[in-house]
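Please consult the sequence and the structure as you read.

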Amino acid sequence: MKFNLTRRNFMRAGLGTLAGTIGATLFGKGAMAQDGDGQDADSVRQHMAHGSNGMVGQMNPEINQFDTLRLLTDWDYGVESTLENGQTLREYNIVAVDLDIEIAPGITFPAWTYNGRVPGPTIRCTEGDRIRINFHNGGTHPHTIHFHGVHPYGMDGVPGAGPGEISPGEAFTYEFDAEPFGCHLYHCHALPLKRHIHKGLYGAFIVDPKEGRPPAREFMMMMMNAFDTNFDGGNEIYAVNTVGFEYARRMIPVKVGERVRIYLINITEFDAINSFHLHAEFFDYYDHGTTLEPTLKTVDTIMQVQAQRGILEFSYRWPGEYMFHPHIAEFAELGWMGMFNVVEPENFAEALESVGLDEEWDILATNGSTVPWQGEEASS
Ligand SMILES: [Cu+2]
């Protein structure tokens, strides 16, 4: 019997039984296990029947052109220049491409992507910047980019407005000023909408307030997302940032006592509501991220409909391995569950290394904002 498991952390966390349930449920629901390392759905079920108590399989590093842990912090500031009126211009090139991605070990999904990744690039800027998106459709279907933000009608990226749907091989430049500040998103708005969104055409759009926000370790967890692997109009795999259980296999390093800020966006198609529950702590929540004061204080669960989003802030008092997941058991069992590995500062380098990260990731996580905090509050 072959187990290609990277489950050291998983076992340490004492999640063995849960993981067994997860695997059985995952493959029992009709997800298409692909050839990969030779495990089809039947052989996986057999493993489960023989009492495997870990997640089966290993991600194939050759398939995805992105690392799920690095998606958390890879802010894209575009190519920056200054316009004659003194305004900052940020210019981005986004190409739609059809590409198979791996959404769980051994399970590939024929995605439609922005720049070869799901979610697409995390566009980050300051309120008032001019944003210029050179969009080229290199896919096989008509697509658009619709931004959640303020912009003229012709820049709305929907059929009938401006250029409407951009045909394969064609291009269009979307341009507008970034406002309001907050945690936003963009997605394809071609029809049928649910198919174009669920195939993977979405990304985070973070607009920093001009006065910045207090220092924090920041993560883009855009996206609570899901995949309908057999195209029956329901999802088989759920995740945050695309790969089921990846943040359980490779826990996210965090330091005791530091402020953590999560940009959370729900783009799940087919299910009306998604949610986020944090273990062993409570957080403040900024609905849509459009305020500097929390809109909800001291909660440990938040729900979001599709395209709803917000900013979470919290800090952990004690070291430990803390779960986060939707409080919807089905989603959690089908891949949407992750963990924070909270450690003392002196153990942080080790925590990074244990999941294949480095100092560069740490710097991106703690210096993400386009503007330094200009308020009074001391760093936590
Ligand atoms: Cu599309």
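Q: Where does Phe270 lie?
A: This is a predicted model, in which local features need pLDDT of at least 70, side-chain atom pairs count only at pLDDT 80 or more, and totals for chains, interfaces and linings use all residues. Residues are numbered from 1 along each chain as its sequence is written. Helices (H or I, at least four residues) and strands (E, at least two) are DSSP runs, numbered from the N terminus. Phe270 is placed in the loop between strand E14 (260-266) and strand E15 (273-278).

Q: What is the phi of Phe270?
A: Most residues other than glycine have a negative phi. Phe270 is not a glycine, yet its phi is positive, at about 80 degrees.

Q: Is Phe270 buried, exposed or partly exposed?
A: A residue is buried if 20 or more other C-beta atoms, placed from the backbone, lie within 10 Å of its own, exposed if 12 or fewer, and partly exposed in between. Because Phe270 has 15 C-beta neighbours inside 10 Å, Phe270 counts as partly exposed.

Q: What is the omega of the peptide bond that joins Val118 and Pro119?
A: Pro119 belongs to the loop between strand E4 (107-114) and strand E5 (122-126). Most peptide bonds are trans. The bond joining Val118 and Pro119 is cis, with an omega of about -5 degrees.
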